[in-house]
Amino acid sequence: YPRSHRGLPVMMDESGPGVLNHVDNISANGVLCHTVKPVPLMTKLRIHLELPKPSRHRIDSEGIVVRCDPDEKGDDHFKVAILFTRISDDDYEAIHKFVELDLEEGEDD
């Protein structure tokens with residue numbers, strides 16, 4: 001799946017406050033986000049995030065952690081890859097359109 005590498009500043013999950021910090025990249029298949037602590041593989045998460053302008057679409061989905069690696073910033077920061085396991089058709093389409101538009105805008109630069 002194509003990915004937008006535009007960071008998204010706000011991401012919430014139901015694992016507790018501060019677990020997931022921000023999205024590094026997103027596709028219709030999943031997200032790569034940053035955390036302050038490691039998250040075990042296969043952890044199920046409920047994820048809520050809002051796509052920025054022009055979409056302004058709120059995503060409500062579920063996913064599982066498929067990768068958790070230390071970030072270059074040090075051992076107290078991690079990159080966590082989450083594969084969507086439940087996502088509505090509307091949310092899937094909104095992400096797909098967001099990524100397409102973001103990639104097209106990136107080509108114009």
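Colleague: Which strands does the hairpin of 2 residues join?

Modeller: A hairpin of 2 residues joins β2 to β3, and the pairing of these strands is antiparallel, over 6 bridges; two strands count as paired if DSSP finds at least two bridges between them. Strands (E, at least two residues) and helices (H or I, at least four) are DSSP runs, numbered from the N terminus. Within the pair, asparagine 25 stands opposite leucine 32 in β3.

Colleague: What should I know about the origin of the model and its numbering?

Modeller: This is a predicted model, in which local features need pLDDT of at least 70 and side-chain atom pairs count only at pLDDT 80 or more, whereas totals for chains, interfaces and linings use all residues. Residues are numbered from 1 along each chain as its sequence is written, and side-chain values use heavy atoms, with hydrogens and water left out.

Colleague: Where in the protein chain is confidence lowest, and where is it highest?

Modeller: Where pLDDT is low, the predicted coordinates should not be read in detail. The pLDDT, which is the predictor's confidence in each residue from 0 to 100, averages 82 over the protein chain, and 83% of the residues score at least 70. Confidence is lowest in strand β1 (residues 11–13), with a mean of 56, and highest in β5, at 92.

Colleague: Are the two faces of β3 covered or exposed?

Modeller: In a regular strand the side chains alternate between the two faces of the sheet. In β3, Gly30, Leu32 and His34 lie on one side and Val31, Cys33 and Thr35 on the other, and all are buried; buried means under 20% relative accessible area, exposed over 50%, and partly exposed in between (1.4 Å probe, protein chains only).

Colleague: Which residues have the most contacts inside the largest nonpolar core?

Modeller: A nonpolar core is a set of buried Ala, Val, Leu, Ile, Met, Phe, Trp, Tyr and Cys residues joined through side-chain atoms within 4.5 Å. The largest one here has 23 residues, and those with the most contacts inside it are Ile26, Leu49, Leu51, Ile82 and Ile95. At least two residues of this core come from each of β2 (20–27), β3 (30–35), β4 (44–50), β5, β6 and α1 (89–108). Leaving aside neighbours within four places in sequence, isoleucine 95 is in contact (heavy atoms within 4.5 Å) with residues including Ile26, Leu51 and Phe84.

Colleague: How many salt bridges are there, and which residues form them?

Modeller: Side chains of opposite charge can pair when their charged atoms come close. A salt bridge is a side-chain nitrogen of Lys or Arg within 4 Å of a carboxyl oxygen of Asp or Glu, and the count comes to 4. Among them, glutamate 62 meets arginine 86 at 3.4 Å, N to O. This pair links distant parts of the chain, 24 residues apart, with glutamate 62 in strand β5 (residues 58–71) and arginine 86 in strand β6 (residues 74–86). Glutamate 62 counts as partly exposed because its relative accessibility is 32%, and arginine 86 does so because its value is 34%. Another bridge joins arginine 58 to aspartate 60, with the closest N and O atoms 3.3 Å apart, and one more joins aspartate 69 to arginine 67 at 3.2 Å.

Colleague: Why does serine 4 count as buried, and what does its side chain meet?

Modeller: Serine 4, in the segment before β1, counts as buried because its relative accessible area is 0%. Its side chain makes a polar contact with the side chain of aspartate 102 at 2.5 Å; such a contact is a pair of N or O atoms within 3.5 Å where, within protein, one must be able to donate a hydrogen and the other to accept it, and residues adjacent in sequence count only if both atoms are side-chain atoms.
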